[in-house]
Amino acid sequence: MSFPIYVIYSAGLFLWTISSIHYDSPLPAAQYGLGQLLILAALTIMFMADKGKKAIPGLVIAAVFCSLGLSIAYRFAGEKASIQLEDVYTGDLISMIVVFFIVYLLIRFTNIYRIKLINLLAGGGLLLAVYGARLTSALTGGSYLYFGGIMIFGWALLAFPFTAAFLISRREDSYVRGNVRSLPWNLMLMLLYVIILFAGCVLCNEFGLILIIGLTATVLFFIRCRNLLTKCFYTISCAGAAVLSAMKVPHVHDRMQIWLHPAAAAGSEDLAGKAESVLYLFRHLGQAGLWGRGIGSLPVSYYPTLNTDHVMVTLINDYSLILAGLVLALSLFFIRWLLTLPDGLCGYDRYLNLTTALLFGFLILVHTASNLGSFLTAGIGFPWISEGSSVNIMLTVLLAVHCGLLGKKAIS
Amino acid sequence: MIFYRKKHYRVRVLTAFAAALLASLLLFGLRAADGSCQTPMSVGQVILSAKEYSLGQVQDRNGTVVLQGKGKETVWTDPQVRSSLEPVMGEDPERSMLSRSTILANCPWVFGTEDNRFRLSVLLNPFSSRKGEDVRLTIDAGLQTGIAQAVEASGFDKVCLVVSNYKTGEILGLYGNIMQDTFHPGSTIKPILAASALSIDPDLASYIYNCADKNHNFSTSSGPFRINCIDGTEHGSINMTDAIAYSCNGYFVSLLQQTGSTAMLKELEKWGFDTVVHYPQFSYTDHSFLGSSRQDCDYLLAGIGQANAKITPIGMNMCTNAILNHGQMENPRWISARGRDGRWTAVDGEGSRQVCSREAADQICKMMLAVTEKGTGRSFALPGFAAKTGTAQKSSESGSLSEKCTVWTTGGLTDEKMPYSVTVCLDDVKSTTTSADAGRLARDILKLVLKGEAQ
Amino acid sequence: MKMLFELLTIAALGFLTLQMGFSCRKTDAGEGAAQAAWTVRALRLQPAKRTLWSLLAGLPSGSGDSAGLPLDSCFLGNGLFDDCKVDAAGPRIRLYLNVQEDQIWLTVLTGSIVIGGSRYRRDPRSRIAIHDLDRIKLRDIELEFVKRR
């Protein structure tokens, strides 16, 4: 039933988008149409292949988000119309679909991803990417957000779940100071790994990544750690570090000021421009109303991150508050679906799935809260709706991991 | 005897996620409802908004529609009202929003900036069109028509005109770019100087000046500086009343020297000279007396409304209103209410400040009556009409004096039951045009106001 | 026309959301619970001594003579917040179980237990290897650990 409704939705969205914005060139519409057809084709294949139909709900929701991503990409195409597929969302979509099927098949039918060496390489590779980005940018004068052409955010989304699952699911053979009440060494290693990763993210100024990795690692730590005192100590340390960074790190302090007193920040010379991203929605909510102002009402030249970090603002302002609300409701079902898994899988698979679900959950939560002014602005996009090929492809990998795990049988 | 508690992370993680999402939505909702984050729109945002919305209705003080939007177009109901109001209406937001010197720039809600579409009617009818809210002005459309006709009949090209109620500060009619165009005030600055001088030293009311040839050389730090009265007239021994009535330049230059520049400049700041004053409903070009100059001769020339002395017609009208209103300058306003679908809310713009002592203002007001009774304003006398005329020479691009002038008449009715004032400025006129021409136009306008009042 | 398409899109998305909500349970894969690798059987050695507290904070429904232990670590004892709760009377007993495929590493955190005639008291640094069919005594209950095939 969800498949035909999705078809109606995607058709409606396509017609709505292209009737709202007209370009001289037929290229953007053709790219949009092609992308939509690709999504439908991929969904059809999975519909036929997935006998238990357990993967279908999540895939349909992901497809809904991808359709919205296509619409937003079309909406902003005029600003940078390009014939090169790799420059547009449709090109990313092709990569996403190919990667999805490869990863799905690998996870579903093999156990290659569990090989110790591969997981160690993933963990080490992530550290290399994070520190390498900073070093190579210093040498080449390029951006330190990228390494090897891929955003370090994307690298983290890809590698962290495997590394975390590997470390957490290790056998507890020894403990710090030999005391069972203390941290087991595998958990200690995970903490150390996260701290080293943090340091690298601080060097790269990737505040959003610190937030997401920190939140995910915290939840995993709390689930795995048995000692109440250790948990308290960890909480106090994290809170202390957060307060210290809010007071001493200039851009964190600015974000804090903007979050707590956005109207007052707008009056400050230093913060006025940054506060605008928070205040815009409050100012224009009345005009947007429930049905939105119409696709294309906000020019990206006015507000550069409307198709990336502030896509929720675009949804509420242009597409309608009702649609944005439905997207959030679907996100809730998506996270629920991500947390479902067949019983009896091994610890590594379970923690891999949990980490995947946590990453998605925190991405959606932090993006929504930032856009609504309920949290610090964090520079994080919404899965698949925001443009960003590296991140979207890596999120598709995580989706494929979950779909693959859904098809796995219990260990005998 | 034994029980293993399964760890349901799914429920806990999902509950925490849902709770956090709900909390962020709640915080957003509370902030939106509270209104504390609803800062004013930027100029660019107002312009964008205007493209999506059709203009709300612009009504005059009696509810007559003057201007309204029909789709993307704006429609004026009366061409004569249009000709008089168009320069200050600002219906094109791209031009008017950059400064607050037009009417609509000060009521952006007509462009739909404060539209709230969280109404049941919009929820049930998503197809409802976007229309800005309405605004009610203090301006009288009937008076505007009369003003436009009178100005057309006068034959003058560059006219600026303001009619207002000096008790409330409401602008009842206007013509020309009264907010931004500045002119030398000429002799119309003299009542302001006199009121300032009396505020500094009330005894100066009995100051006598001997307007003779030898007394027209005024000492400055760079030597004597000569300022004649108009056409070289010598008024002889003259008091303040006659000095205002006959517009004696020497008297007022001498008066400036009596009071001392520091004290005088400080008093003039209260009137808005050489300072920045903000009004809730508009911004205008501030008036200047000395400006950035520190030269004695400029100071003396400013005393007769030349050199760096410059003022807008609205500025002159405000100063005149202060004299007529016992020294209290009411905040001028031209917007009285905003509304939608016939429901109106008053717009705040009231406020006032005391610019000189009551006694000083009342004295000067009486002296201004003498202008129309026996002085330079005899030709346009009206019972109870206290006025002051002024003629200022314009300078050419090279800085030398040109043959063109700016002529003024500013004044109002002293009867507080009819608290109306008018300021007329005719710019770029030849020397054959006198301030009496401006005065006659001012009188005609006042008669229109009185006629409207009687009806 | 734009408005019509908008209404169509939002309506379809609304239906999809509702349909997702209703079909949640039907397409559930499961809780993702770990498979039990060991079974622990409980045998009562003495009649249970009931106190008001033990009656109030007793075992939840679903408790029985045996329970499955997945490959994980857990706390076993007679406390309220222990993962594997045992209805043992007397002073507080708390054991840390590190359940692995071939054996269980047991550490006594609170109280004492008896294994094969030897009493083991509280020692967080000591790990006792429990193999298949080993038994431990907690005051009035004996636990037998059986490895699942």
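This is a predicted model: local features need pLDDT of at least 70, side-chain atom pairs count only at pLDDT 80 or more; totals for chains, interfaces and linings use all residues.

**Domains of chain B**

I started with the domain centres: taken over C-alpha atoms, those of domain 1 of chain B and domain 2 of chain B are 32 Å apart. For the bounds, I have domain 1 at 43-113 and domain 2 at 142-334 + 351-454. Next I checked who touches whom, and the contact takes 13 residues from domain 1 of chain B and 17 residues from domain 2 of chain B. I then sorted the domain 1 side by class and got five nonpolar, six polar and two charged residues.

**Chain A against chain C**

How many residues of chain A are in contact with chain C? I find 45 residues of chain A, meeting 37 residues of chain C. On the chain A side, the elements that give two or more residues are helix 1 (2-20), helix 3 (56-75), helix 14 (321-338) and helix 15 (347-371). Which of them gives the most? That is helix 1 of chain A, with eleven residues. By class, I have the chain A side down as 24 nonpolar, twelve polar and nine charged residues.

**Helix 6 and helix 8 of chain A**

Then I went inside chain A. Helix 6 (residues 152-168) and helix 8 (residues 207-224) have axes that come within 11 Å and cross at roughly 10 degrees. Angles under 35 degrees count as roughly parallel, so I log helix 6 and helix 8 of chain A as roughly parallel to each other. The crossing of helix 6 of chain A past helix 8 of chain A is right-handed. From helix 6 of chain A, the contact uses Ile152(A), Phe153(A), Ala156(A), Phe160(A), Ala164(A) and Ile168(A). Helix 8 of chain A answers with Gly208(A), Leu209(A), Ile213(A), Ala217(A), Leu220(A) and Arg224(A). Sorted by class, this contact has ten nonpolar, one polar and one charged residues.

**Helix 9 and helix 10 of chain A**

Last pair for today. I looked at helix 9 (residues 228-248) and helix 10 (residues 250-260) of chain A, which pack at an angle of about 95 degrees with their axes 5 Å apart. How do they lie, roughly parallel or roughly perpendicular? Since 65 to 115 degrees counts as roughly perpendicular, helix 9 and helix 10 of chain A are therefore roughly perpendicular to each other. Ser245(A), Ala246(A) and Met247(A) of helix 9 meet Val252(A), His253(A) and Met256(A) of helix 10. I count this contact as four nonpolar, two polar and no charged residues.

Key: Residues are numbered from 1 along each chain as its sequence is written. Chains are lettered from A and ligands numbered from 1 in the order in which they are written. Axes are lines fitted to C-alpha atoms, for helices over the stretch in contact, and angles run from 0 to 180 degrees between N-to-C directions. Helices (H or I, at least four residues) and strands (E, at least two) are DSSP runs, numbered from the N terminus. Angles under 35 degrees count as roughly parallel, over 145 as roughly antiparallel, 65 to 115 as roughly perpendicular and the rest as oblique. Two residues are in contact if their C-beta atoms, placed from the backbone, lie within 7 Å. Ala, Val, Leu, Ile, Met, Phe, Trp, Tyr, Cys and Pro count as nonpolar, Asp, Glu, Lys and Arg as charged, and the others, Gly among them, as polar. A crossing is left-handed if the near helix is turned anticlockwise from the far one by less than a right angle, and right-handed if clockwise. Domain bounds come from an automatic or database domain assignment.
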